[in-house]
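Hi there,

Here is the structure I promised to pass on to you. Please open it next to this email and follow along as you read.

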Amino acid sequence: MERNKKVTIRVNDAVKKYGDQTVLKHVTLELEAGQIYGFVGQNGSGKTVLFKSICGFTKLTEGNIEVLGKIIGRDIDMAEEVGAIIENPGFLPNYSAFRNLKFLASLTGRIGDNEIRDAIEKVGLDADSRKKVGKFSMGMRQRLGIAQAIMENLMILILDEPFNGLDKNGVEEIRKLLLEQKNAGKTIVLASHNSADIDILCDEVYEMEQGVCTKIK
(Lines give C-alpha, C1' and ligand atoms only; values in the text may rest on other atoms or scores of the structure.)
Protein backbone atom coordinates (compact mmCIF):
# COMPACT_ATOMS: atom_id res chain seq x y z
CA MET A 1 0.00 0.00 0.00
CA GLU A 2 1.40 3.39 -0.96
CA ARG A 3 2.21 5.56 2.03
CA ASN A 4 0.54 8.92 2.38
CA LYS A 5 2.84 11.64 1.12
CA LYS A 6 3.29 14.82 3.06
CA VAL A 7 5.43 17.20 1.03
CA THR A 8 7.15 19.65 3.38
CA ILE A 9 9.56 21.37 0.94
CA ARG A 10 8.96 22.23 -2.70
CA VAL A 11 11.79 23.76 -4.70
CA ASN A 12 10.27 25.14 -7.90
CA ASP A 13 12.69 25.86 -10.79
CA ALA A 14 15.17 27.57 -8.45
CA VAL A 15 17.88 29.72 -10.01
CA LYS A 16 20.49 31.68 -8.08
CA LYS A 17 22.99 33.97 -9.75
CA TYR A 18 25.85 35.98 -8.32
CA GLY A 19 26.75 38.41 -11.08
CA ASP A 20 27.43 36.33 -14.20
CA GLN A 21 27.88 33.11 -12.19
CA THR A 22 24.86 30.79 -11.89
CA VAL A 23 25.19 28.63 -8.77
CA LEU A 24 21.72 27.03 -8.88
CA LYS A 25 20.43 26.02 -12.31
CA HIS A 26 16.66 25.34 -12.42
CA VAL A 27 16.54 23.05 -9.39
CA THR A 28 13.18 21.37 -8.77
CA LEU A 29 12.56 19.06 -5.78
CA GLU A 30 9.77 17.68 -3.62
CA LEU A 31 10.82 16.53 -0.16
CA GLU A 32 8.53 14.65 2.22
CA ALA A 33 8.06 14.15 5.95
CA GLY A 34 9.65 11.05 7.48
CA GLN A 35 12.46 10.89 4.93
CA ILE A 36 16.19 11.66 4.90
CA TYR A 37 17.56 13.30 1.76
CA GLY A 38 21.28 13.28 1.04
CA PHE A 39 23.10 15.80 -1.11
CA VAL A 40 26.57 15.08 -2.44
CA GLY A 41 28.93 17.10 -4.56
CA GLN A 42 32.20 18.97 -4.43
CA ASN A 43 32.65 22.26 -2.61
CA GLY A 44 31.14 25.02 -4.72
CA SER A 45 28.63 22.68 -6.40
CA GLY A 46 25.62 24.58 -5.01
CA LYS A 47 24.64 22.46 -1.97
CA THR A 48 25.12 25.16 0.65
CA VAL A 49 23.41 27.82 -1.50
CA LEU A 50 20.43 25.49 -1.94
CA PHE A 51 20.26 24.86 1.83
CA LYS A 52 20.49 28.59 2.59
CA SER A 53 17.74 29.28 0.05
CA ILE A 54 15.42 26.72 1.67
CA CYS A 55 15.97 28.40 5.05
CA GLY A 56 15.40 31.87 3.61
CA PHE A 57 18.95 33.09 4.26
CA THR A 58 19.58 33.54 0.52
CA LYS A 59 17.12 35.05 -1.95
CA LEU A 60 16.63 33.26 -5.28
CA THR A 61 17.10 35.01 -8.61
CA GLU A 62 14.28 33.00 -10.24
CA GLY A 63 11.77 30.38 -9.09
CA ASN A 64 10.59 29.87 -5.54
CA ILE A 65 10.76 27.58 -2.54
CA GLU A 66 7.71 26.54 -0.56
CA VAL A 67 8.16 25.29 3.01
CA LEU A 68 5.09 23.81 4.71
CA GLY A 69 2.86 25.51 2.18
CA LYS A 70 4.39 28.99 2.48
CA ILE A 71 6.56 30.58 -0.19
CA ILE A 72 9.83 32.00 1.11
CA GLY A 73 10.16 35.70 0.37
CA ARG A 74 6.45 36.12 -0.35
CA ASP A 75 4.40 34.55 2.45
CA ILE A 76 7.24 34.52 5.00
CA ASP A 77 10.77 35.97 5.08
CA MET A 78 12.42 32.98 6.73
CA ALA A 79 11.35 29.35 6.78
CA GLU A 80 9.43 28.38 9.89
CA GLU A 81 9.73 24.95 11.51
CA VAL A 82 13.35 24.55 10.29
CA GLY A 83 16.34 23.71 12.47
CA ALA A 84 19.63 24.14 10.63
CA ILE A 85 23.38 23.78 10.74
CA ILE A 86 24.92 25.56 7.78
CA GLU A 87 28.68 26.05 7.71
CA ASN A 88 30.35 26.39 11.12
CA PRO A 89 27.86 26.82 13.97
CA GLY A 90 28.43 30.20 15.64
CA PHE A 91 28.29 30.34 19.44
CA LEU A 92 29.26 32.79 22.17
CA PRO A 93 32.72 31.54 23.24
CA ASN A 94 32.50 32.68 26.87
CA TYR A 95 29.18 30.91 27.51
CA SER A 96 28.60 27.26 28.39
CA ALA A 97 26.65 24.95 26.08
CA PHE A 98 23.49 25.42 28.15
CA ARG A 99 23.79 29.23 28.30
CA ASN A 100 24.37 29.41 24.54
CA LEU A 101 21.25 27.41 23.75
CA LYS A 102 19.22 29.23 26.42
CA PHE A 103 20.15 32.54 24.79
CA LEU A 104 19.18 31.25 21.32
CA ALA A 105 15.94 29.74 22.64
CA SER A 106 15.00 33.09 24.20
CA LEU A 107 14.85 34.62 20.72
CA THR A 108 11.76 32.58 19.87
CA GLY A 109 10.40 31.75 23.33
CA ARG A 110 9.18 28.34 22.17
CA ILE A 111 10.95 26.14 24.71
CA GLY A 112 12.21 26.13 28.28
CA ASP A 113 15.16 24.73 30.22
CA ASN A 114 13.95 21.11 30.11
CA GLU A 115 13.89 20.97 26.32
CA ILE A 116 17.32 22.61 26.12
CA ARG A 117 18.81 20.13 28.58
CA ASP A 118 17.20 17.22 26.72
CA ALA A 119 18.69 18.34 23.38
CA ILE A 120 22.17 18.75 24.88
CA GLU A 121 22.04 15.29 26.42
CA LYS A 122 20.70 13.70 23.22
CA VAL A 123 23.88 14.74 21.38
CA GLY A 124 26.13 13.36 24.12
CA LEU A 125 27.11 16.58 25.91
CA ASP A 126 26.74 17.44 29.61
CA ALA A 127 24.00 20.03 30.18
CA ASP A 128 25.47 20.88 33.62
CA SER A 129 29.02 21.48 32.41
CA ARG A 130 30.31 25.02 32.89
CA LYS A 131 33.02 24.57 30.28
CA LYS A 132 33.01 27.53 27.91
CA VAL A 133 32.22 26.78 24.28
CA GLY A 134 35.41 28.61 23.28
CA LYS A 135 37.31 25.68 24.85
CA PHE A 136 35.27 23.03 23.00
CA SER A 137 36.82 20.74 20.42
CA MET A 138 35.47 20.88 16.88
CA GLY A 139 33.47 17.72 17.52
CA MET A 140 31.89 19.16 20.68
CA ARG A 141 30.94 22.33 18.82
CA GLN A 142 29.39 20.20 16.10
CA ARG A 143 27.37 18.26 18.67
CA LEU A 144 26.17 21.54 20.14
CA GLY A 145 25.17 22.74 16.67
CA ILE A 146 23.06 19.62 16.23
CA ALA A 147 21.51 20.19 19.67
CA GLN A 148 20.58 23.70 18.57
CA ALA A 149 18.97 22.34 15.39
CA ILE A 150 16.83 19.77 17.25
CA MET A 151 16.03 21.56 20.50
CA GLU A 152 12.77 23.19 19.37
CA ASN A 153 11.47 19.91 17.89
CA LEU A 154 10.91 21.49 14.48
CA MET A 155 9.48 19.63 11.47
CA ILE A 156 12.50 20.08 9.20
CA LEU A 157 16.24 19.70 9.75
CA ILE A 158 18.75 21.16 7.28
CA LEU A 159 22.21 19.83 8.13
CA ASP A 160 25.27 20.85 6.10
CA GLU A 161 28.09 18.43 6.98
CA PRO A 162 26.71 17.50 10.43
CA PHE A 163 29.43 14.88 11.03
CA ASN A 164 32.38 17.27 10.66
CA GLY A 165 34.86 16.87 13.49
CA LEU A 166 33.12 13.87 15.07
CA ASP A 167 35.06 10.75 16.01
CA LYS A 168 33.80 7.28 15.12
CA ASN A 169 31.62 6.99 18.23
CA GLY A 170 30.24 10.48 17.66
CA VAL A 171 29.29 9.63 14.09
CA GLU A 172 27.47 6.49 15.27
CA GLU A 173 25.60 8.43 17.96
CA ILE A 174 24.50 11.21 15.61
CA ARG A 175 23.45 8.74 12.89
CA LYS A 176 21.24 7.01 15.47
CA LEU A 177 19.81 10.36 16.57
CA LEU A 178 18.97 11.33 12.98
CA LEU A 179 17.20 8.03 12.36
CA GLU A 180 15.15 8.65 15.51
CA GLN A 181 14.25 12.10 14.19
CA LYS A 182 13.22 10.57 10.85
CA ASN A 183 11.04 8.01 12.62
CA ALA A 184 9.38 10.88 14.47
CA GLY A 185 8.24 12.21 11.08
CA LYS A 186 10.86 14.88 10.43
CA THR A 187 12.13 15.86 7.00
CA ILE A 188 15.92 15.73 7.13
CA VAL A 189 18.12 17.26 4.44
CA LEU A 190 21.84 16.67 4.81
CA ALA A 191 25.10 17.02 2.96
CA SER A 192 28.10 14.85 3.74
CA HIS A 193 31.41 14.13 2.09
CA ASN A 194 31.36 10.67 3.67
CA SER A 195 29.61 8.19 1.38
CA ALA A 196 28.91 5.85 4.34
CA ASP A 197 26.78 8.53 6.03
CA ILE A 198 24.77 8.95 2.84
CA ASP A 199 24.40 5.21 2.18
CA ILE A 200 23.33 4.36 5.73
CA LEU A 201 20.96 7.24 6.39
CA CYS A 202 19.40 8.49 3.17
CA ASP A 203 16.19 7.40 1.46
CA GLU A 204 16.98 9.51 -1.60
CA VAL A 205 20.28 10.97 -2.78
CA TYR A 206 20.90 13.94 -5.06
CA GLU A 207 24.15 15.00 -6.67
CA MET A 208 24.93 18.67 -7.12
CA GLU A 209 27.37 19.59 -9.87
CA GLN A 210 27.91 23.15 -11.06
CA GLY A 211 24.46 24.13 -9.83
CA VAL A 212 22.62 21.21 -11.45
CA CYS A 213 20.80 18.82 -9.12
CA THR A 214 20.36 15.19 -10.27
CA LYS A 215 18.72 12.35 -8.36
CA ILE A 216 21.10 9.37 -8.11
CA LYS A 217 19.23 7.14 -5.61
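Below is what I found in it, one region at a time. Please keep in mind that this is a predicted model.

Let's begin with the sheet. It is an open sheet of four strands in the order E2-E1-E4-E5, and the pairing is antiparallel. Strand E2 (21–32) and strand E5 (70–71) are the edge strands, since each pairs on one side only. Next to E2 you will find strand E1, residues 7–18. Eight bridges hold the antiparallel pair E1 and E2.

Now on to two helices. Helix H4 covers residues 138–150 and helix H5 covers residues 168–183. Their axes lie 12 Å apart and the packing angle is about 10°, which makes H4 roughly parallel to H5. Which residues make the contact? From H4 they are Arg143, Ile146 and Ile150, and from H5 they are Gly170, Glu173, Ile174, Leu177 and Gln181. Sorted by type, the residues of this contact are four nonpolar, two polar and two charged.

Strand E9 (residues 204–209) and strand E10 (residues 212–215) run antiparallel and are joined by four bridges. Methionine 208 stands opposite cysteine 213, which belongs to E10.

How many disulfides does the model have? The count comes to zero. To see why, look at cysteine 202: the closest cysteine sulfur is in cysteine 213, and at 13 Å it is too far for a bond, because a disulfide needs the two sulfur atoms within 2.5 Å. Cysteine 213 is likewise in no disulfide, with the sulfur of cysteine 202 as its nearest cysteine sulfur. Is cysteine 202 buried or exposed? Cysteine 202 is buried, with a relative accessible area of 5%.

I hope you enjoy looking around.

Best wishes

Definitions and conventions: Residues numbered from 1 in each chain as written. Predicted model: local features only at pLDDT ≥ 70, side-chain atom pairs only at ≥ 80, totals over all residues. Heavy atoms only, no water. Buried < 20%, exposed > 50% of the residue type's maximum accessible area, 1.4 Å probe, protein only. Pairing = 2+ DSSP bridges. Axes fitted to C-alpha atoms, helices over the stretch in contact; angles between N-to-C directions. Parallel < 35°, antiparallel > 145°, perpendicular 65-115°, else oblique. Contact = heavy atoms within 4.5 Å. Nonpolar A, V, L, I, M, F, W, Y, C, P; charged D, E, K, R; others polar.
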